[in-house]
Amino acid sequence: MRPPPLDRQSALFLDVDGTLLEIALRPELVRVPAELPKLLDGLAQQRGGALALVSGRRIDEVDWLWRPWRGPAAGLHGAERRRADASDVPGGSPADRAAAAALDRSRPALRQFALHSPGVRLEDKGMALALHYREAPDREAAARDIAERWARQECDSLQLIAGKMIFELRPLHHSKGVAIAAFMAEPPFRGRRPVFLGDDTTDEDGFAEVNRRAGLSIRVGESGEPTAAGYRLPSVDATLAWLGAERAA
Ligand SMILES: [Mg+2]
């Protein structure tokens, strides 16, 4: 079902890859159309700054992609967060330290696996480890196998997310839903109705969170996978059109 028109008073939460940007063969190859940072700026201004990017990428990468736009953001599926007042939420809690230690234990095996699997790449994000097999789809089962093994071994502090051609180990206690809830407790998000757009498994926590708050949850893409999202938009282009972008031809 297509979502109703975007309410200018809402709090807007946006995933990046697969939602605002077409997914590229590798994360570093994505293209940000020139008009998009301006679109974010306009949407943020309409709602008193209540717009945050909520990505699986690190915040410094998000900033680089969207320069010169730099606003509230959650990175690494919520493990990093920058508030609307530009302050960073400090990491280093006991749960963060336990997850970092678990990632340290998992890293060598995943690195070895990638090294011996042509086309598979290990993206080391620090607080998350992502095995990408987009360039070696025949390695999916083997990649799943090793990622699941480490997720089981470190199940006290890590969880496995199976995304689009990616298996990612990340801290158990962070999620996009937790990040959205944290933003919603702070100005200028507080008191607004949340709207979240995402395209992948890792966005499902975010959909559940905005549903709990009677917000709008929108899954982008035509995967047909089951989703908690209340609405769907078929593509990145449809999403940008819904958000009000004037696309260059
Ligand atoms: Mg995405």
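Reader: What makes β5 and β6 a pair of strands?

Author: Two strands pair if DSSP finds at least two bridges between them. β5 (residues 121-124) and β6 (residues 129-132) are joined by four bridges and run antiparallel, so they meet the definition. R121, for instance, stands opposite H132 in β6. The hairpin has four residues between its strands, and G126 takes a positive phi near 85 degrees there.

Reader: What kind of model is this, and how are residues and elements numbered?

Author: This is a predicted model, in which local features need pLDDT of at least 70 and side-chain atom pairs count only at pLDDT 80 or more, while totals for chains, interfaces and linings use all residues. Residues are numbered from 1 along each chain as its sequence is written, and side-chain values use heavy atoms, with hydrogens and water left out. Helices (H or I, at least four residues) and strands (E, at least two) are DSSP runs numbered from the N terminus.

Reader: Which strands are the edges of the seven-stranded sheet, and what makes them edges?

Author: The sheet is open, with mixed pairing and the order β4-β3-β2-β1-β9-β10-β11. β4 (80-82) and β11 (231-233) each pair on one side only, and these are the edge strands. Neighbouring strands are turned by 15 degrees against each other on average, direction ignored. Such angles lie between N-to-C directions and run from 0 to 180 degrees, with axes fitted as lines to C-alpha atoms (for helices, over the stretch in contact).

Reader: In what sense do β1 and β2 pair, and over how many bridges?

Author: Their pairing is parallel and has three bridges. L14 has L53 in β2 as its bridge partner. α1 packs on the sheet, where it touches β1 and β2, and its direction makes about 135 degrees with that of β2.

Reader: How do you know which atoms are donors of the magnesium ion?

Author: Donors are N, O and S atoms within 2.8 Å of the metal (3.2 Å for Na, K and Ca), and sites may look incomplete because water is not among the atoms. D15 (OD), D17 (O) and D199 (OD) lie 2.1 Å from the ion, so they fall within the cut-off. Their spacing in sequence is D-x1-D-x181-D. D15 sits in the loop between β1 (11-14) and α1 (36-46) and D199 in the loop between β9 (194-198) and α6 (204-212), so the two tie together parts that are 184 residues apart in sequence.

Reader: Are D15 and D199 buried or exposed, and by what cut-off?

Author: Buried means under 20% relative accessible area, exposed over 50%, and partly exposed in between (1.4 Å probe, protein chains only). D15 has 5% and D199 has 2%, so both count as buried. M165, at 24%, is partly exposed. M165 lies in the loop between β7 (158-163) and β8 (166-171) and has a positive phi of about 60 degrees although it is not a glycine.

Reader: What makes a group of residues a nonpolar core, and which residues have the most contacts inside the largest one?

Author: A nonpolar core is a set of buried Ala, Val, Leu, Ile, Met, Phe, Trp, Tyr and Cys residues joined through side-chain atoms within 4.5 Å. The largest has 29 residues, and L12, L14, L53, W66, L197, W242 and L243 have the most contacts inside it. Elements that give it two or more residues include β1, β2 (51-54) and β9, while the largest share, five residues, comes from α1. A second, separate core of 20 residues includes L122, L129, A143 and A147.

Reader: What counts as a touch, and which residues does L12 touch?

Author: Contact means heavy atoms within 4.5 Å. Not counting residues up to four places away in sequence, L12 touches residues including L6, L43, V195, L197 and L243.

Reader: How do you know where the buried residues of α2 (59-66) lie around its axis?

Author: I59, V62, D63, L65 and W66 are buried in α2. They cover an arc of only 165 degrees, taken over the directions from the helix axis to the C-beta atoms, which puts them on the same side of α2. These buried residues pack against α1, β2, β3 and β4.
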